[in-house]
Each structure stands twice: as structure tokens, then as C-alpha cells.
Amino acid sequence: MRTIRDIDFLGDEELRGRLYRWSLAILGLGLLGGVALCLSGGANPPAEAAHLAGAGGLGWLLWLVALAVVSIVVLPVHELVHALYFRLFGGPGTKVTFGCQAGMLYAGCPGLVLERDRFCIVLAAPALVLSAALLGVGSLLDLPFLGYVAFVLHLSGCAGDLLAICEISRERSCIRCEDTERGVRLLGV
């Protein structure tokens, strides 16, 4: 195997700039989607606030607190989903490490090499699993707009995973990916 390219999320400033722009773009699209949802009658934020407050007037405050709590809780859960898929595809001896660098939480298996498609599944799993959970639980609790806003915030935080998937997909000669301390190494023959 030869190295085709290293994707370095910690040291590549141009890549970090793209990551930031992707995150903002997801937030912007989410804002537009939220406005469309409200205008179409698919979401009613004032009714959700009233639902949370019961008879009291603290609905918006409770709504914001709930959003903050969900947004904080989802961060480590996101990394645990990565860890679960690393273990699933890496096998029983796979050692997952956790940490925080440059403002990003991470779960990793430095040195683990997976087939390209499996590595992309590891990257995509938290975005898919937690998006479905946030939207579903929001609906079940009769708080669909809260679930939607939490989903958008989480998805914007998945920008690095999504960007890595795009970079891997663009590199046609890549057949395997190696997790590294700083990102992903694309490997080919």
C-alpha cells in the first residue's frame, strides 16, 4: 500500500477553513429549512414553548435549556457511535482512544486500516444515527422543532466527518483508509 494523501484536520489550515465554511453552510441551510417548516405549518415553536412550560410563562427558557442540554449530551454520544463502529469493523482487539484537540472531540484508532467503504461508514454513522434519533425523539415528545434545531446543530458539527467522506470519495485510487492522530491517510496500490 502506498499513501495517496493525508487528510490533516489539525494542521491543514486551508482544510480547517473549508470545515468552518461547511459548518456555516449547514447551519444556513438548516435555518432556511426551519423557516420553511414554520411557514408551512410543519412546526409551531410558540406551541412547543407553551407545551414545555405547562401553565407557566417559562416555556422559551425551558426550550432553550432543553436545546443546550441535548446539544451538550449529543457530543460525547457522537464519539461513542464512532467508537462502536470502529470496534465493529476493526474487530475485538481494536483499541479506541478519545480526546479533544483544536476544539474538536474525537474518537480514534490510530493505525487502524479499513476498506474505504467501511471507513466512510464509521465517519457517517453518528450523523445518520443521531440525526434520526434527534428528529424521532423530538417528534415523540411533541417537540418536533426542538428536535429539528438540535438535528441542524449536530449536523453542522458533523462537517468534518462529511468533508472527510467527500475527500475520500473524490480519490478514486483510494482502496483503504488509515485512521491517524491528525485525521485520515488514504491508501492505494
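Modeller: Of the 189 residues in the protein, 41% are buried. This is a predicted model, and every value below is computed from it. The C-alpha atoms fill a box of roughly 65 × 35 × 25 Å along the principal axes. The protein has six helices and six strands, arranged along the sequence as β-α-α-α-β-β-β-α-α-α-β-β. Among contacts with a separation of 6 or more, 69% are between residues 24 or more positions apart.

On the helix packing, a general point comes before the pairs. Two packed helices are described by the angle between their axes and the distance between the axes.

Take helix α1 (residues 13–39) with helix α5 (residues 144–157): their axes come within 8 Å and cross at roughly 165°. Angles over 145 degrees count as roughly antiparallel, and α1 and α5 are therefore roughly antiparallel to each other. The crossing of α1 past α5 is right-handed. On the α1 side the contact is made by S23, I26, L27, L29, G30, G33, G34, L37 and C38, and on the α5 side by F145, Y148, V152, L153, L155 and S156. By class, this contact of α1 with α5 has 10 nonpolar residues, five polar and no charged.

Helix α1 also packs on helix α6 (residues 159–170), at an angle of about 115° and with the axes 9 Å apart. The crossing of α1 and α6 is right-handed. Here L15, R18, L19, W22, S23 and I26 of α1 meet A159, G160, L162, L163, C166, E167 and R170 of α6. The residues of the contact between α1 and α6 divide into eight nonpolar, two polar and three charged.

Next is the pair formed by helix α2 (residues 45–53) and α3, whose axes come within 7 Å and cross at roughly 90°. That angle makes α2 roughly perpendicular to α3. From α2, the residues P45, P46, E48, A49, L52 and A53 meet G59, W60, L62 and W63 from α3. The α2 contact with α3 comprises eight nonpolar residues, one polar and one charged.

W60 and W63 belong to a cluster linked by ring pairs, together with F145, Y148 and F151.

Y85 and F89 are four residues apart in helix α3 (residues 59–90), so about one helical turn separates them. Y85 is partly exposed, at a relative accessible area of 22%, whereas F89 counts as buried at 18% relative accessibility. The cut-off for buried is under 20%, so the two residues of this pair fall on either side of it.

Another pair is F86 with F119: the ring centres are 6.2 Å apart and the planes are at 70°, so the pair is edge-to-face. F86 lies in helix α3 and F119 in helix α4 (residues 116–140), so the pair ties together parts that are 33 residues apart in sequence. Both F86 and F119 are buried.

F86 has a further partner in T94, which touches F86, R87, C109 and L112 when residues up to four places away in sequence are not counted. T94 sits in the loop between α3 and β2 (97–101). Its relative accessibility is 11%, so T94 counts as buried.

A last item concerns the backbone in another loop. D142 lies in the loop between α4 and α5. D142 is not a glycine, yet its phi is positive, at about 60°. With a relative accessibility of 49%, D142 counts as partly exposed.

Notes: Residues are numbered from 1 along each chain as its sequence is written. This is a predicted model: local features need pLDDT of at least 70, side-chain atom pairs count only at pLDDT 80 or more; totals for chains, interfaces and linings use all residues. Side-chain values use heavy atoms; hydrogens and water are left out. Helices (H or I, at least four residues) and strands (E, at least two) are DSSP runs, numbered from the N terminus. Buried means under 20% relative accessible area, exposed over 50%, partly exposed in between (1.4 Å probe, protein chains only). Rings of Phe, Tyr and Trp (its six-membered ring) pair if their centres lie within 6.5 Å; planes under 30 degrees apart count as stacked, over 60 as edge-to-face and the rest as tilted. Axes are lines fitted to C-alpha atoms, for helices over the stretch in contact, and angles run from 0 to 180 degrees between N-to-C directions. Angles under 35 degrees count as roughly parallel, over 145 as roughly antiparallel, 65 to 115 as roughly perpendicular and the rest as oblique. A crossing is left-handed if the near helix is turned anticlockwise from the far one by less than a right angle, and right-handed if clockwise. Contact means heavy atoms within 4.5 Å. Ala, Val, Leu, Ile, Met, Phe, Trp, Tyr, Cys and Pro count as nonpolar, Asp, Glu, Lys and Arg as charged, and the others, Gly among them, as polar.
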